[in-house]
Amino acid sequence: MKIAVYPGSFDPVTNGHLDIIERGAKLVDRLYVVIMQNPNKSNLFSVEERVEMLKKVTEAYDNVDVVAGSGLTVNVAKSLGAKFLIRGIRATMDFEQELQLATANMALDPEIETVFFITKPENSFISSSNVREIASNYGDFSRFVPEVIIETIQNKYQ
């Protein structure tokens, strides 16, 4: 059985994230979308809220599970039986950072491979921080996130 982990903060999940989830789910038998808890990051949404949003967004995929994780990503992947980490790349600066992470993960656990997905052009400029910035200023962010979570994001700023 091919199992992969797609880790991230997903604060909030965007259409770019969903695209990677859809494409990744086609390649593996089980895809775990793992909301990684990073104590160095200040998140808008709680882990529980992010899990709930991702469950709504991924409910149509039978082979996708949403869980929370902490610590080293390779350890979380190993605990879930995953042999693959899925990562998205939007631009050159993402590649440099992702390459460093992938190389470190390879050193920590050579049995876990990192698979990179190049973001589709229409999603290449979307980031969770952009969505938060637009939403906090009451702009229209609706084309950047899945429809089922628009109200959740709007309610956070009211």
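A salt bridge, for today, is a side-chain nitrogen of Lys or Arg within 4 Å of a carboxyl oxygen of Asp or Glu.

Quick housekeeping before the tour. This is a predicted model, where local features need pLDDT of at least 70 and side-chain atom pairs count only at pLDDT 80 or more, while totals for chains, interfaces and linings use all residues. Residues are numbered from 1 along each chain as its sequence is written, and side-chain values use heavy atoms, with hydrogens and water left out.

OK, the overall picture. There are six helices and five strands in the chain. Going along the sequence, you read β-α-β-α-β-α-β-α-β-α-α.

How big is it? The C-alpha trace spans about 45 × 35 × 30 Å along its principal axes. The radius of gyration is taken over C-alpha atoms, and the globule rule is 2.2 Å times the number of residues to the power 0.38. For 158 residues, a compact globule would come out near 15 Å, and the chain has 15 Å, so the two agree.

One more word you'll need is "buried": under 20% relative accessible area, with exposed being over 50% and partly exposed in between, using a 1.4 Å probe and protein chains only. Of the 158 residues, 46% count as buried. And contacts here means heavy atoms within 4.5 Å. Among the contacts with a separation of 6 or more, 76% come from residues 24 or more positions apart.

Now, let's zoom in on strand β4. Which strands does β4 pair with? Strands pair if DSSP finds at least two bridges between them. On one hand there's strand β1, residues 3-8, which pairs with β4 in the parallel sense over two bridges. You can find A4 standing opposite F84 of β4 there. Then there's strand β5, residues 113-118, which runs parallel to β4 and is joined to it by six bridges. In that pairing, G88 stands opposite F117 in β5. To get from β4 to β5 the chain passes through α4, and this β-α-β crossover is right-handed. That means that, with the strands pointing away from the viewer, the path from the first strand over the helix to the second runs clockwise.

The side chains of R87 and E98 meet with N and O 2.7 Å apart. R87 sits in strand β4, residues 84-89, and E98 in helix α4, residues 92-108, so this pair ties together parts that are eleven residues apart in sequence. Are R87 and E98 buried or exposed? Both are buried.

Compare that with D19 and R23, whose salt bridge is also listed at 2.7 Å, N to O. These two both lie in helix α1, residues 15-25, four residues apart, which is about one turn of the helix. D19 is buried at 6% relative accessibility, while R23 is partly exposed at 21%.

R90 is partly exposed at 35%, and D94 is buried at 11%. Some salt bridges share partners, and in that way D19, R23 and K120 are joined into one network.

Last topic, aromatic rings. Rings of Phe, Tyr and Trp (its six-membered ring) pair if their centres lie within 6.5 Å; planes under 30 degrees apart count as stacked, over 60 as edge-to-face, and the rest as tilted. That rule gives three aromatic pairs. One of them is Y6 with F10, edge-to-face at 5.3 Å centre to centre and 80° between the planes. Y6 is buried at 5%, and F10 is buried at 2%. Another is F125 with F144, edge-to-face too, at 5.7 Å and 90°. Here the pair links distant parts of the chain, 19 residues apart: F125 in the loop between β5 and α5 (128-136), and F144 in the loop between α5 and α6 (150-156). F125 is partly exposed at 49%, whereas F144 is buried at 7%.

To finish, take a look at P110, in the loop between α4 and β5. P110 counts as exposed, at 58%. Thanks, happy to take questions!
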